[in-house]
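Take it topic by topic, and find each residue on screen as you go.

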Amino acid sequence: MKGSRPLPGFPVSLGVTVTGVSLVVLLPLSALVWTATTLSSEAFRATVTAPRVVASLGLSLGTAAAGATVASAAGLLIAWVLVRHPFPGRSLVDSLIDLPFALPTAVAGITLTTLYAPSGWLGRPLAALGVKAAFSPFGIVLALVFLGLPFSVRTLQPVLAALDPQVEDAAASLGATRAQAFFRILLPELVPAWLTGFALAFARGLGEYGSVVFISGNMPMRTEVAPLLIMTKLEQYDTAGAAAIATVLLGASFLLLLGINRLEAWSSTPRRSPQ
Amino acid sequence: MIPGARAVSPAARWLLTGAALALVALFLLVPLTAVFIEAFRGGAAAWAAAVRQPDALAALRLTLLVAVIVVPANALFGLAAGWALGKFDFPGRSLLVTLIDLPFAVSPVVAGLVLVLLGLGPMGGAFYAWDAALKRGDPRVIGSLSYLTPLLSTLNLVLLGGKKLSPVTGIAMALIVAGALVGSLDVIRKRDSYPAARCEKHQ
């Protein structure tokens, strides 16, 4: 495909895309980095290595990774059942998946906090088990799972639906067990979409503010996420300090996302550019 | 079809379905129920009064207006990006996808203005459009298109935020034009040399 380009429209679509990305992503981000550079390198280092900042960055990265992992695992199961095992009320459940997209994040945050607070519907049984849900890192993960779930389900669903069931028949006819067919035939086909879903859920979780501030409790050093710390700096008119933290967060997420997308491109290369 | 090749024992099937439904109930249905219970705690009359407040009406109107601006822009840029990313492989493709993913990670950082977007109007519209698109459209193109949602909403926030022009903006503008030119170089140089369009073989 690379050499001959049987399809038209590549230059135009790439041009528009690059223009859009420059306008909407690169432009604000370069302004961000520009603002951060108004700090001297010592001040920058002092800002981003302050224990409170390091703790919040670690918490953000950790909870985003955990939330995206759980959402990806749960998403695979839900997508699988929705595509492969029709049941009464399936379309209703299918529409419910998009709920986290449709619900304003602040509403989601307040609702989840009410639910998982020690007196809430779900918080009370958890508290009885000795698990503190709201106002702990675990609560942040729960909120991020809620937000990440549709990304995982919605990226996997079309790929699962497009898989030809006959390849499983073929695998079985060649003596593969059910598990072998799943892990060696189906899973490799799903991995690119799965990774995309993970990357989207992860990125969303890393920058999430609205739903997290309510459930986290915002205790410095313990449950204060990086976006909140950025907001705190902004409220104190420390724009450069906020930009410095944002730059580190941005760099980290850029590298992680780039890695995931490279992995995704690599795992789907045989399909995308047949030689 | 080989008998039993794809057969799942009823027990396993119900176990899977049950587990999936339990997850949906726990993570989605329970919060939704809680929202509705909270909204109607004071009765339907209190709900109606709250919705009819001038502030609430103004907020809803603004939300709808933003949605009307955002959606066509989304469609235009999304179509282009979906086509470029979904149909072609080119150097830097992963980088481009990553840049498109980035607004997810930085959106609250870029602007507290994101609060403007909180509201059920455009969310409901997006919810409906997404559902319809997945049912009727090409999932792969839509998958790529969906990348652009945060990107374009951020663009609108920047525009509505009334940022001033600065040297950085100028540099970025130049970069944009350069990027667009590089992207269109092929079509400018060899407009006639494309092979006749033929059916692409997927998979």
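Predicted model: local features only at pLDDT ≥ 70, side-chain atom pairs only at ≥ 80, totals over all residues.

- In chain B, 27% of the 203 residues count as buried.
- Taking contacts in chain B between residues at least 6 apart in sequence, 84% join residues at least 24 apart.
- Chain A reads α-α-α-α-α-α-α-α-α-α-α-α-α-α along its sequence, and 49% of its 275 residues are buried.
- For chain A, 77% of the contacts between residues at least 6 apart in sequence link residues at least 24 apart.

**The largest nonpolar core**

- This core holds 97 residues, and the members that touch the most others are A:Ile78, A:Ala143, A:Val145, A:Phe146, A:Phe202 and A:Ile245.
- Chain B takes part too: its domain 1 (18-52) and domain 2 (55-186) both give residues to the core, which therefore lies between them.
- As general background, nonpolar side chains tend to be buried together in soluble globular proteins.
- Which residues does A:Ala143 contact, leaving aside its neighbours within four places in sequence? They are A:Gly109, A:Leu112, A:Ser211, A:Val212 and A:Ile215.

**Helix 9 of chain A**

- Helix 9 of chain A spans residues 165-173, and its buried residues are A:Glu168, A:Ala171 and A:Ala172.
- Helix 10 (178-207) of chain A is included in what covers them.
- After helix 9 of chain A comes A:Gly175, which has a positive phi, near 95°.

**Helix 10 against helix 13 in chain A**

- Helix 10 of chain A packs with helix 13 (residues 239-267) of chain A at an angle of about 170°, and their axes are 8 Å apart.
- The two helices are therefore roughly antiparallel, the cut-off for that description being over 145 degrees.
- On the helix 10 side of chain A, the residues that meet helix 13 include A:Val191, A:Leu195, A:Phe198, A:Phe202 and A:Leu206.
- On the helix 13 side of chain A, their partners include A:Leu249, A:Leu256, A:Ile260, A:Leu263 and A:Ser267.
- A:Phe202 of helix 10 of chain A is also one of the core members that touch the most others.

Definitions and conventions. Residues numbered from 1 in each chain as written. Chains lettered and ligands numbered in written order. Core = buried A, V, L, I, M, F, W, Y, C linked by C-beta atoms within 7 Å. Buried ≥ 20, exposed ≤ 12 C-beta atoms within 10 Å, placed from the backbone. Domains from an automatic or database assignment. Contact = placed C-beta atoms within 7 Å. Helix = DSSP H or I, 4+ residues; strand = E, 2+ residues; numbered from the N terminus. Axes fitted to C-alpha atoms, helices over the stretch in contact; angles between N-to-C directions. Parallel < 35°, antiparallel > 145°, perpendicular 65-115°, else oblique.
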